[in-house]
Amino acid sequence: MKSVLRERTLRGPAFAIALIVVLMSLAMLVAGTSPLDGFAALFYGALGGRTEIGETLVATSALLFPALGICLAFRAGLFNIGAEGQLLVGALFAGAVGAQIHLPGVLGIVLLLGLGMLGGGLWGAIAGWMKAQFNANEIIATLMLNFVAAALALGLVSGPLKGPLATGAETAWLDPSYWLPTLLPQTRLSIGIVLALALAVFLNWLLKDTIFGYDLRATGEAPEAARRSGINVPRMTWFTLALSGAVAGLGGAVIVTGELHRFNTQLSPGYGFTAIAVALVGDLEPLWICVAAFGFGILEAGGLAMQASAQVPKDAIHIIEGLIILVLAARRYALRDTGVNAP
Amino acid sequence: MTAAILTFVVLALIKATPLIYAALGGVISERSGVVNIGLEGMMATGAFTAVSVSFATQSPLLGLLAGILAGACIGLVLAIAATRFKVDQIVAGTGINLICAGGAAYGLVLIYNQPGASAQVPALGGNYWLLVVLAFAAAAVLSWTLAHTPWGLRVRACGENPRAVAAAGLDPLAFRTAAVVISGALAGLGGAFLSIGELNLYSDGMTAGRGFIALAAVIFGRWNPIGATGACLVFGAFEALQYVLQGRVAWLSSDVMQALPYVAALIALAGVTGKVRAPESDGVPY
């Protein structure tokens, strides 16, 4: 099937990288810093040592899960902009239960990661069910659910689920036996990133080499043809959004078990939104998304260092992400004819 | 009791006003065939610009006008993307939302030298009631314009069948551009109402999904200005309800109650099944 969805070339991502460099140089010039110093600060802050590399890979992992979830939904023609909420609910499930249970370590970890998938999957499934059952616009539904998730998490964690010693909106600490093993000693990097990479390989296989993956892509690229060929499009819709949410939710559980070791309402500085840019720059291909996530991980981790030395606020990175999305859209990353109906 | 009800009604009207402006922007854009996911960002830009111009000139009126203009400029960006480059409108709108939110956050640091929120600036004060009334007037005017003027009919034709408009010797892209710019101006006005009408500052994330609630109102109101205004009143009432209920319902914390307007919008989205029909060419580039 010829894809009307995307041009399968690297010109888009290469263009995106060039755009990032030019725009960031401009931003640095505006702030009165030499771009050379600015980029030096950025790369030193992201890759300059063990701690820095660890933080970059932590951010890579945190972006990779929601980006892979978004990739699945987009490939099915579903515009899921609710990864942020799905990630949060996944993290909440893992954190809330993790603070209470007493199980042997490995079993506990598997349970918590599973709960993360369940939470995120549930959150995605709500939007999917609304779309399949009532033809409710999934863009608005997934975004509304972000706010519902945030309000719910804040209410629960500052109330009934608040840890006995917590000062802010946080659960109690997880027992260390449920912490994901550290991958890089003396850093916060857990084996969560290995899980993310394995998931990317799995999803790549799922999309390319399975009947389910073919059906999913067919639903995205030609819903009417998919329906006529016997694919149950409504079922595909809710299942894909549930799966997409589950992947983002797993990311939330990895943040809780791998890095923070408890749930905190502030645990995502917008990973679910940045992940949209990651997925698009990665050409909606799981393996390329890994590369894109690393790139954005550098921006995320090095951004703070850049902010300190080059006087470019970290928020400027969101402008760059938005411009990348806009420019890639202009390069015909078209989702039209894909069942993304007008609201 | 009467006083409480009156407070609630007044609060509901105030909370509905920015939604109405944004929803009217959504209606005109979508009736012309362009899905405007960027309403949220246009509101944020309008809110931020209004505060900053009011800060610089000490004139809230200039701030208001600047907010409208800024919204229109972002509208023009989407319009150009949608007409000239024929991009996917939903992807482009998502990008615009990120740019606007990031831009405002960057602007806070540049202008006020502090992240999170702006300084307090001169606000519209009591005059903001005029904007509440104007919102309803704008709905009536837009409704009449779309139904009875040649321009309005042509805009609607662009949303249904742009080829027919082209066959009649007119340029559908010009109508779509105008409609999306007006849409941005209305969203900018709604944002300005939030920042220098209801309040006197801009803070990060203050639009809080209102652009998307407005889109839900467009659908619930079936792409009709009056219907969308009615839907905004319902959503505004839910937002007001959250303040009225605070402290009165023991088992529901005020944090959880913040979800009320969003839950209302979700229910509305699901509740319009089978009865809605979007403009035929809504979201389809020409």
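Trainee: Before we start, when are two residues in contact?
Mentor: When their C-beta atoms, placed from the backbone, lie within 7 Å. Keep in mind that this is a predicted model.

Trainee: OK. Which residues of α4(A) meet α5(A)?
Mentor: Among them are Gly85(A), Leu87(A), Phe93(A) and Val97(A). On the α5(A) side you'll find Leu112(A), Met117(A) and Trp123(A), including glycines such as Gly119(A) and Gly120(A).

Trainee: What classes of residue make up that contact of α4(A) with α5(A)?
Mentor: There are 13 nonpolar, eight polar and no charged residues.

Trainee: And how do the axes of α4(A) and α5(A) cross?
Mentor: They come within 7 Å and cross at roughly 140°. Angles over 145 count as roughly antiparallel, so α4(A) and α5(A) are oblique to each other. The crossing is right-handed.

Trainee: Switching to chain B. What about α2(B) and α8(B), how do their axes cross?
Mentor: Those axes come within 6 Å and cross at roughly 55°. That makes α2(B) oblique to α8(B), and the crossing is right-handed.

Trainee: Which residues meet there, between α2(B) and α8(B)?
Mentor: From α2(B), Leu39(B), Met42(B) and Val51(B) are among them, and from α8(B), Gly184(B), Leu189(B) and Ile196(B) are included. By class, that contact has 12 nonpolar, eight polar and no charged residues.

Trainee: Now the two chains. How many residues of chain A are in contact with chain B?
Mentor: 41 residues of chain A, and they touch 44 residues of chain B.

Trainee: Which element gives the most to chain A's side?
Mentor: α6(A), with 11 residues. Chain A's side divides into 31 nonpolar, seven polar and three charged residues.

Trainee: Is α6(A) mostly covered or exposed?
Mentor: Mostly covered: 20 of its 20 residues are buried.

Trainee: What span should α6(A) have?
Mentor: At 1.5 Å a residue, its 20 residues should span 28 Å, and the end C-alpha atoms are 28 Å apart, so that agrees.

Trainee: Last one: which residues of α10(B) are buried?
Mentor: Pro225(B), Cys232(B), Phe235(B), Phe238(B) and Glu239(B) are among them.

Trainee: What do those buried residues pack against?
Mentor: They pack against α1, α5, α9, α11 and α12 of chain B.

Trainee: And how far apart are the end C-alpha atoms of α10(B)?
Mentor: They're 30 Å apart, which agrees with the 30 Å that its 21 residues should span at 1.5 Å a residue.

Terms used. Residues numbered from 1 in each chain as written. Chains lettered and ligands numbered in written order. Predicted model: local features only at pLDDT ≥ 70, side-chain atom pairs only at ≥ 80, totals over all residues. Helix = DSSP H or I, 4+ residues; strand = E, 2+ residues; numbered from the N terminus. Nonpolar A, V, L, I, M, F, W, Y, C, P; charged D, E, K, R; others polar. Expected span 1.5 Å × (residues − 1). Buried ≥ 20, exposed ≤ 12 C-beta atoms within 10 Å, placed from the backbone. Axes fitted to C-alpha atoms, helices over the stretch in contact; angles between N-to-C directions. Parallel < 35°, antiparallel > 145°, perpendicular 65-115°, else oblique. Left-handed = near helix turned anticlockwise from the far one by under 90°.
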